[in-house]
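I opened this notebook to record what I looked up in the structure. The entries follow the order in which I checked each feature.

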Amino acid sequence: MKKTMAFISAFLMAAAMLSFTACGDKESSSSNPYANVDVDASLRAEIRDNVTKSDLLEDVELENKTIKWLSDWDINPDSSGKNKPTELVAFEEKYGGRIEWIQCTYENRYEKLAEMINSGEGVDFFYAGNMDAFPKGAVRGMFAPVDDYIDFSSPVWEGVEEINDSLMWDGRHYCTVVQTTGDKVGCVYNKKTVQEAGLEDPAELFERGEWTWDTFQNMIKSFADVENQHYGIDGWWFEFGLMATTGVPAVSIEDGKLVNNIGDPAMERVQDFLYDLNTTGCIAIGVGDYGWEAHPEYIGEGKMLFYPVGLYTFYAESSQWKKQFGDDAFFVPMPKDPEADEYYVPVGMEAYMFVKGGANPEGVAKFLECKRFTLLDEETKAVADKQFREDYGWTDEMVKMQRDMQELADDNPFLDISAGVSTDCNELLDTSLRQTARGVPWNETYDAVNAALDKYLEEVNKADNSAE
């Protein structure tokens with residue numbers, strides 16, 4: 001699953017991370033004003049031809065052609081400017097399928113899900129790419145095993161069987177990973193700002209294998225000058241983005257059990273690095289009169305050097321991302337940990353859960369296989385790539401860099417599932433693991449949270465699987 005993996009799935013990842021603010025707080029099946037937005041007739045005909053002649057998709061007739069999707073974002077076209085995703089076109093053409101969006105807010109996703117399960121309304125699938133659905137949703141009986149509907153050893157799932165097997169719970173698959181993704185966090189910068197500061201372009205450093213923690217920090221030290229409104233690194237993504245470059249997640253799953261890794265030497269190393277970034281004035285948040293709000297617009301204004309964030313910010317019409325980051329905006333992977341055995345990057349996942357009591361699990365399985373098809377079929381992938389450029393205004397250089405990031409994720413996949421343990425566990429780690437970047441020595445944080453983390457994991461590891 002290396003270079004063959006297309007990045008068109010970013011359509012859905014983008015929508016997921018944007019949380020689709022245009023939705024407001026409505027919580028019902030949506031009459032989407034963009035629902036009639038479609039690809040042009042020639043592209044649809046090409047996809048129809050591709051799914052017809054491919055052996056990857058099974059020839060079956062779906063008894064129920066509608067699958068119900070509960071989320072704060074719509075798979076169908078929306079206000080972000082995207083067209084209908086190619087996987088949805090493939091689903092329509094191969095199986096006559098359609099997706100009914102049941103709308104909720106990001107904050108009340110789980111409350112709405114529980115309400116719909118209890119009322120027997122038959123919602124079919126739920127997004128797992130936010131990393132907070134598994135394993136807790138399986139343990140609490142909100143989601144159902146997929147093994148009766150998906151065969152991960154079949155050709156259409158080639159390349160992701162291993163990652164799906166690594167996330168089994170109680171001997172069954174609950175989380176269906178369509179692909180691991182390398183666009184979870186990119187280090188955004190403005191080429192003009194870098195050039196005017198007399199610094200070397202990070203993209204060139206990356207190309208030569210010299211984009212590391214050391215060059216990253218040296219560039220920030222050279223640029224940062226708070227009195228003249230020159231700031232180093234900003235945002236709420238850089239701490240965990242840098243932690244991921246060690247290749248050691250805070251919580252992993254091994255042999256079906258959750259494992260606490262915050263005592264690993266790699267975690268101590270990255271936490272010490274974050275502490276050093278703070279003490280050397282590289283971090284903008286909280287410095288001087290900067291305040292505690294992120295300022296991504298400072299990238300476009302030439303005041304900020306680096307703004308690590310999910311690449312979803314670039315999965316919109318070019319006028320939207322250029323407004324924040326400027327005409328010369330670009331991105332690279334997070335810098336390499338110089339002591340890591342490989343070049344690790346923050347890895348996300350395009351993944352879904354089958355909801356317990358769903359009315360159409362077979363339809364969901366076929367839709368997800370259509371997603372796999374668009375990643376594996378070369379002709380359809382080319383169509384998707386072209387659509388991506390046209391929708392989001394990317395240059396060939398941006399396309400190549402995103403693919404390089406995807407290749408790094410494919411070569412060295414790992415997932416931190418701490419957010420999926422429990423809400424309390426997620427809040428504990430999300431707060432505590434950032435503290436070194438605020439000037440708190442790592443040993444103090446470790447001593448304060450390690451026992452509590454062990455307890456959270458023990459509770460889940462000992463829990464009976466209530467999904468029976």
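Axes are lines fitted to C-alpha atoms, for helices over the stretch in contact, and angles run from 0 to 180 degrees between N-to-C directions. I worked from a predicted model, in which local features need pLDDT of at least 70, side-chain atom pairs count only at pLDDT 80 or more, and totals for chains, interfaces and linings use all residues. Residues are numbered from 1 along each chain as its sequence is written, and side-chain values use heavy atoms, with hydrogens and water left out. Helices (H or I, at least four residues) and strands (E, at least two) are DSSP runs, numbered from the N terminus.

Entry: helix pair.
I looked up α9 (residues 213–223) and α11 (residues 265–279); their axes come within 12 Å and cross at roughly 10 degrees. I therefore noted α9 and α11 as roughly parallel to each other (angles under 35 degrees; over 145 is roughly antiparallel, 65 to 115 roughly perpendicular, the rest oblique). Trp213, Phe216 and Gln217 of α9 meet Arg269, Val270, Phe273, Asp276 and Leu277 of α11 in this contact (heavy atoms within 4.5 Å). I sorted the contact residues into five nonpolar, one polar and two charged; Ala, Val, Leu, Ile, Met, Phe, Trp, Tyr, Cys and Pro count as nonpolar, Asp, Glu, Lys and Arg as charged, and the others, Gly among them, as polar.

Entry: open sheet.
I traced four strands in the order β7-β10-β6-β11, with mixed pairing (two strands pair if DSSP finds at least two bridges between them). β7 (231–233) and β11 (329–332) stand at the edges with a single partner strand each, so one side of each lacks a neighbour in the sheet. The twist averages 30 degrees from one strand to the next. β7 pairs with β10 (residues 304–309) in the parallel sense over two bridges, and isoleucine 233 has phenylalanine 306 as its bridge partner in β10. I also found helix α16 (residues 396–411) lying across β6 (186–190) and β11, at about 20 degrees to β11.

Entry: backbone.
I noted a cis peptide bond between phenylalanine 134 and proline 135, with omega about 10 degrees. Proline 135 is in the loop between β3 (125–127) and α5 (136–139). Aspartate 170 has a positive phi, near 55 degrees, and is a residue other than glycine; I placed aspartate 170 in the loop between α6 and β5 (175–181).
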